[in-house]
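Here are some notes to read beside the model. Please keep the structure open while going through the points.

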Amino acid sequence: MSSTAFLLLDKEPINTIGVNVLQPLLKTQGLDVITGTDISEVPENTRLLFIETAASDAWGQLKEQLVNLKVSCDIVLFNLDENPELANRALLSGIRGVFYTTDNADVLMKGIRLLMEDQLWYRREIMCNALNRMLQFNKDALHKLTEGDIEPVKLTKREKAIITLMSKGSKNKEIAEDLNISPHTVKTHLYSAFRKTKCRNRIELLSWAQQNIPDEIR
């Protein structure tokens with residue numbers, strides 16, 4: 001069965017980049033392309049979910065959509081205005097990449113190819129900003145360790161196993177298959193680890209693990 005790219009379009013799109021440009025480019029990579037305006041229509045075999053993100057309250061709308069996503073797939077935002085904060089939030093939330101309204105076909109094609117290779121697609125300044133945030137998190141964590149005795153964080157064996165697989169690049173569905181549990185259970189364990197470590201996202205959790213339990217996640 002071939003993989004699918006689903007283009008989730010705004011009901012009132014600002015232009016036709018989704019259908020006229022992205023669709024033929026995605027087909028050149030062997031993907032079946034489906035378009036729609038309802039996230040519940042995303043099929044099970046979807047590899048890349050492109051979400052049009054042009055609304056004024058783009059982040060709020062995106063969160064509402066993802067709550068109703070029942071399929072495990074890589075998420076990409078497109079038709080993005082020049083909105084660095086939204087791109088930063090997307091990267092730190094695990095979204096694989098963003099395309100802007102100003103991107104031409106060559107840029108789109110380069111990004112699609114990298115996404116198909118399971119790489120990220122973000123502008124350099126967005127990646128640098130995320131790295132700086134992660135480094136600042138490490139600095140803050142080190143500072144807290146020098147302040148005095150702190151109640152140790154106690155992760156369960158399952159939580160550590162999930163973090164270990166996540167550090168190797170495994171996605172929730174792959175982790176679930178490796179551990180013989182459901183993707184929902186994986187998310188439950190991750191949320192528990194976030195709460196215990198006070199991490200806000202996967203990048204911070206991996207950084208925390210590398211700092212605090214490096215021998216246990218190798």
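**Notes on the predicted model**

1. Start at the end of a helix. Asparagine 180 follows H7 and has a positive phi, near 60°. Helices (H or I, at least four residues) and strands (E, at least two) are DSSP runs, numbered from the N terminus. This is a predicted model, in which local features need pLDDT of at least 70, side-chain atom pairs count only at pLDDT 80 or more, and totals for chains, interfaces and linings use all residues. Residues are numbered from 1 along each chain as its sequence is written, and side-chain values use heavy atoms, with hydrogens and water left out.

2. Now H7 itself, residues 172-179. Its buried residues are Asn172, Ile175, Ala176 and Leu179. They line one face of the helix, because they fall within an arc of 100° seen down the axis of H7; the arc is that of the directions from the helix axis to the C-beta atoms. Glu177 and Asp178, on the other side, are exposed. Buried means under 20% relative accessible area, exposed over 50%, partly exposed in between (1.4 Å probe, protein chains only).

3. What do the buried residues of H7 pack against? Their partners are helix H6 (157-167), helix H8 (183-197) and helix H9 (202-212). Contact means heavy atoms within 4.5 Å.

4. The aromatic pairs number four. Rings of Phe, Tyr and Trp (its six-membered ring) pair if their centres lie within 6.5 Å; planes under 30 degrees apart count as stacked, over 60 as edge-to-face and the rest as tilted. Phenylalanine 50 and phenylalanine 78 are edge-to-face, 6.4 Å centre to centre with 70° between the planes. Phenylalanine 50 is in strand S3 (residues 46-52) and phenylalanine 78 in strand S4 (residues 74-80), so this pair ties together parts 28 residues apart in sequence. Phenylalanine 50 is buried at 0% relative accessibility; phenylalanine 78 is buried at 1%.

5. Phenylalanine 99 and tryptophan 121 form a tilted pair: 6.4 Å centre to centre, 35° between the planes. Both are buried. Phe50, Phe78, Phe99 and Trp121 form one aromatic cluster.

6. Strand S1 (residues 4-8) is mostly covered, with five of its five residues buried. Thr4, Phe6 and Leu8 point one way, Ala5 and Leu7 the other. S1 pairs with strand S2 (residues 32-36) in the parallel sense over five bridges; two strands pair if DSSP finds at least two bridges between them. Leucine 7 stands opposite threonine 35 in S2. S1 and S3 also run parallel, joined by five bridges. There, phenylalanine 6 stands opposite leucine 49.
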